[in-house]
Amino acid sequence: CKDSTSKISATIVTRGLLLLSLMRVEPGFAIAEQTPYDLQVFVEKLATGFKVQASYIAPVSQCEAYAFLTDYEDVKTIPGIVESKVRRRTGNRVTVERLIEERILLFPVQIRSEVEFTELPNQGVNFIQTKGDSKAYSGTWRLQPNEKGVTVRYASIIEPDSVIPSGVIEYFMRNNIRRSFEMMAAGMERNRDSLSLACR
């Protein structure tokens, strides 16, 4: 009888703990379930800026994803970019001038930059700001095929200009940047037909 009572008590306690743990993690699971493209975004605050890592799975080929990343002047598919012009091409290096506009909280933010991209055909690109409003900006895009299409990986270090309050930048990094990657993934999928033409 004691054994039976102990087993019942242990079962009740176990189920109670399980229920509490599910209540704590349920919002995380809900976000994961609702996140299309298996999107993952990590933002780490550094002493002078931010480290950003992101990945998503797009239902396109490796070549199509590469065509998307290297279509530097198609500003419709990249959130926040309102102007993007190729200024120079030398071998596999491309210099692009860009104007980015964002509204963060009540602050309108406008950032001009000149970024040099080093193309790695069908593998991705490396990039570094050569001049612009940010103190520093550099990183990589990498592409890896899988059974669902292609995994797109992004990594960068961003050191914003001190004119913009760090709290405002941090708010954007933690609240808006996920949406930007979602829209890029959706842009890859939406433009697949035109991207495939570049791969023929």
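Reply: The accessible surface of the protein comes to about 12,400 Å², and carbon and sulfur atoms account for 55% of that area. The model is a predicted one. Of its 200 residues, 36% count as buried.

The protein has five helices and eight strands, and from the N terminus on the order of elements is α-β-β-α-β-β-β-β-β-β-α-α-α. Among contacts between residues at least 6 apart in sequence, 48% join residues at least 24 apart.

Confidence should be considered next. The average pLDDT of the protein is 81, and 78% of the residues score at least 70. Strand E7, residues 136–146, has the highest confidence, at 97, whereas helix H1, residues 2–34, has the lowest, at a mean of 38. Over residues 2–33 the pLDDT is below 50, and this stretch has zero contacts in the model beyond near neighbours in sequence. Where pLDDT is low, the predicted coordinates should not be read in detail.

Now the core itself. The largest nonpolar core has 39 residues. Those with the most contacts inside this core are Tyr 56, Trp 141, Met 173, Phe 181 and Met 188. In soluble globular proteins, nonpolar side chains tend to be buried together.

Leaving aside neighbours within four places in sequence, Phe 181 is in contact with Leu 39, Val 41, Val 52, Ala 54, Tyr 56, Trp 141 and Tyr 154. Two of these partners, Tyr 56 and Trp 141, are themselves listed with Phe 181 among the residues with the most contacts inside the core.

Leu 69 is found in helix H2, residues 62–69. Leu 69 counts as buried because its relative accessibility is 10%, and the limit for buried is under 20%. With neighbours within four places in sequence set aside, Leu 69 is in contact with Trp 141, Leu 143, Met 184 and Met 188. The C-alpha atom of Leu 69 is separated by 9.9 Å from that of Arg 142, 73 residues apart along the chain.

The strands around these contacts pair as follows. E7 and E8 are antiparallel and share 11 bridges, and a hairpin of two residues joins E7 to E8. Strand E8, residues 149–159, is also joined to strand E2, residues 50–58, by nine bridges, again in the antiparallel sense.

Phi of Tyr 37 is near 65 degrees, a positive value in a residue other than glycine. Phi of Asp 38 is also positive, near 50 degrees. Most residues other than glycine have a negative phi. Tyr 37 counts as buried because its relative accessibility is 19%, against a limit of under 20%. Asp 38, with a relative accessible area of 40%, is partly exposed.

Methods:
Residues numbered from 1 in each chain as written. Predicted model: local features only at pLDDT ≥ 70, side-chain atom pairs only at ≥ 80, totals over all residues. Heavy atoms only, no water. Core = buried A, V, L, I, M, F, W, Y, C linked by side-chain atoms within 4.5 Å. Buried < 20%, exposed > 50% of the residue type's maximum accessible area, 1.4 Å probe, protein only. Contact = heavy atoms within 4.5 Å. pLDDT = per-residue confidence, 0-100. Helix = DSSP H or I, 4+ residues; strand = E, 2+ residues; numbered from the N terminus. Pairing = 2+ DSSP bridges. Areas by Shrake-Rupley, 256 points an atom, 1.4 Å probe, with all protein chains shown as cover.
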